[in-house]
Amino acid sequence: MERPEETEPAHQAEPSDPADLTDQQGLTDQQGLTDKQGLTDKPEPEPEPAEPEPTGLVPQAPRPRHPVLVWIVRLTAIALVGVAGGWLGMLLAGGASVQIGPVQTLMSLRPSLSGQTLVTVPPLGSLQMATNSGPLQLTVDVRQLNESDVRKLVANPDSFASLPDEAAAQLKHGVLAAAIRAAAAALAGSLLLGLIAFRRIRPALAAGGVALAVLGAAGGVAVASWNPKSVLEPRYTGLLTAAPSLVGSAQNLVTRFGLYRTELAQLVTNVTRLYDTTAELPVYQPQTGTVRVLDVSDIHDNPAAWNVMHSIVQQFGINVIVDSGDLTDHGTQAENTLAAQIGTFKVPYVFVRGNHDSDHTQTAVTKEKNAILLSGNEIRVDGLTIIGDGDPRFTPDLAVQVPGEEAVYQAGAVLATTAREQSAMPDIAVVHDPVAALPLTGAVKLVLAGHLHRRVTWMLSGGTRVFVQGSTGGAGLRALQSNPPTPIEASVLYFDRTTGLLQAWDDITIGGLGATDAQIQRHLATDTAPQGGPVPDLSPSMGPSGICGPTASPGSPGQAGSPGQSGSPGPSIPWPTASGSATPPG
């Protein structure tokens with residue numbers, strides 16, 4: 001079989017000329033073939049930048065920054081932050097606790113436009129002295145008397161001679177401590193505010209330096225302008241306006257009043273124990289069911305009164321306290337803080353407003369849980385029915401014009417009408433001014449009053465006993481001006497729980513400010529003779545009056561016009577004081 005001949009494929013021959021290859025592929029441009037096969041390294045030409053489209057705005061050149069202006073702005077910001085931070089730091093920082101003699105104080109430096117020294121004596125008020133002209137104020141807050149230091153002074157009377165020098169040295173130390181504390185507070189405040197404002201350490205440190213520099217300059221101005229004579233011309237605020245002798249008698253207040261306050265309670269306790277052991281007492285002995293009432297009045301801001309009252313409550317087993325008013329001197333908000341002392345007693349505290357107590361004082365009293373306010377109403381406490389009402393006047397000082405005692409008499413008449421409307425005769429009526437007791441004759445068994453700053457009791461014609469309590473606060477700040485001082489007086493009244501009748505009472509009398517004597521005297525209710533000195537012939541005055549006390553004349557049992565017998569008013573003459581020692585009523 002014959003093998004078929006192989007035929008060669010067409011177009012086997014390779015082109016020998018590049019031009020033929022170019023013609024065969026249909027390309028006529030040698031550069032196009034080179035670009036397509038990537039056989040050349042010639043770079044492509046860069047495209048020309050496109051021209052910006054017109055926007056209609058004329059471009060502005062950037063403003064060059066002036067280096068001096070930048071530094072001025074930065075330094076001003078640092079200075080403002082430093083001053084503000086230092087000011088805030090000084091305001092927020094507390095004071096330095098400094099003891100000056102037996103007095104514990106809190107001293108601090110504060111920014112002030114006027115520059116002065118401010119001494120605050122809570123709750124009495126403050127006194128301001130223009131001691132310097134710099135923008136710094138030295139504040140001294142009197143906190144308390146240290147009992148241990150007072151006792152050391154008493155145990156060593158010779159130490160009183162060195163007390164002024166020691167107090168001066170302690171005062172200098174206190175001012176230095178307050179200055180260091182103020183500088184630290186100013187530095188801390190400026191650093192903190194600088195970190196918050198700049199978020200960098202260097203500007204914050206610069207702000208702290210500014211604060212210290214400003215404080216140092218202010219201190220230098222204060223030292224250079226120091227005026228020691230300003231202590232002789234202080235400006236008083238609050239209750240201290242009524243006691244300008246505080247500066248001149250500062251040492252007496254520290255050593256005399258502070259010592260007196262701390263020793264009174266112990267004095268009462270010791271006398272009470274001695275009283276319990278004596279055999280020369282009247283025949284009355286309180287029974288198990290006897291109701292013991294502590295009768296107080298006219299505390300007049302005296303903190304020493306609370307020490308005495310606590311001692312009496314504990315020693316005598318008091319069931320009820322009755323306060324016939326004048327808790328304060330001027331009825332201010334600062335004084336009203338003393339009402340918190342009422343809550344420290346664990347027995348009911350019955351209160352009527354005095355002519356020196358404001359509505360704010362009355363409100364402060366009602367906030368205490370054990371306080372019972374009488375405002376024309378009747379209550380029942382520990383088996384006794386008690387009715388009462390406050391003084392219709394408010395006389396914070398003699399410059400206030402108020403209705404006279406006629407308004408007090410009318411208030412007593414309204415209270416008498418309320419008493420007679422009760423199903424049974426009330427056991428006790430509580431008023432402040434004894435003028436209000438006159439219409440209550442025959443309507444109640446006993447009237448408790450105050451206002452006169454001396455203790456006296458007598459019987460009205462209708463069989464009602466009037467019991468006027470002295471000043472349990474020794475007439476308050478007025479004790480500083482009384483010679484001899486007004487005594488602190490209070491009484492423990494013993495009532496039969498079944499009949500509500502007064503059985504006996506113990507009069508507790510403590511020598512006034514600076515005195516150290518005390519006595520307790522028992523009386524029986526069966527003795528109807530006046531007790532405690534001349535019986536006042538109370539005469540309600542007509543029309544407005546700025547005088548706080550009633551007009552009265554001395555009387556004796558059996559004389560015409562004596563309320564101890566007839567209850568009818570007599571002639572009006574100036575009020576007598578017991579032995580010339582009591583302060584004017586208020």
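Visitor: Which residues line the largest cavity?

Guide: Rolling a probe the size of a water molecule over the atoms shows where empty space is left. In this predicted model, the lining of the largest cavity includes D389, D391, V408, L415, H432 and D433. About 70 Å³ of space lies in that cavity, and the count comes to 3 cavities of 30 Å³ or more.

Visitor: Which residues are linked with D391 in a network of salt bridges?

Guide: Side chains of opposite charge can pair when their charged atoms come close. Here D391 belongs to a network with R393, E405 and D433. In the pair of R393 and D391, the closest N and O atoms are 2.9 Å apart, and both residues are buried.

Visitor: How many salt bridges does a search of the whole structure find?

Guide: The search finds 8. One of R455's partners is E489, with the closest N and O atoms 3.7 Å apart. Because R455 lies in the loop between β15 and β16 and E489 in strand β18, this pair ties together parts 34 residues apart in sequence. R455 also meets D507 in a salt bridge, at 3.3 Å from N to O. D507 lies in strand β19, so that pair joins parts 52 residues apart in sequence.

Visitor: Is D507 buried or exposed?

Guide: At 8% relative accessibility, D507 counts as buried, since the cut-off is under 20%. By contrast, L92 is exposed, with a relative accessible area of 75%.

Methods
Residues numbered from 1 in each chain as written. Predicted model: local features only at pLDDT ≥ 70, side-chain atom pairs only at ≥ 80, totals over all residues. Heavy atoms only, no water. Buried < 20%, exposed > 50% of the residue type's maximum accessible area, 1.4 Å probe, protein only. 1 Å grid on protein atoms, 1.4 Å probe; cavity = no way out; pocket = protein on both sides within 12 Å on 5 of 7 lines; lining within 4 Å. Points joined across faces, edges and corners; volume = space filled by probe spheres on them. Salt bridge = Lys/Arg side-chain N within 4 Å of Asp/Glu carboxyl O. Helix = DSSP H or I, 4+ residues; strand = E, 2+ residues; numbered from the N terminus.
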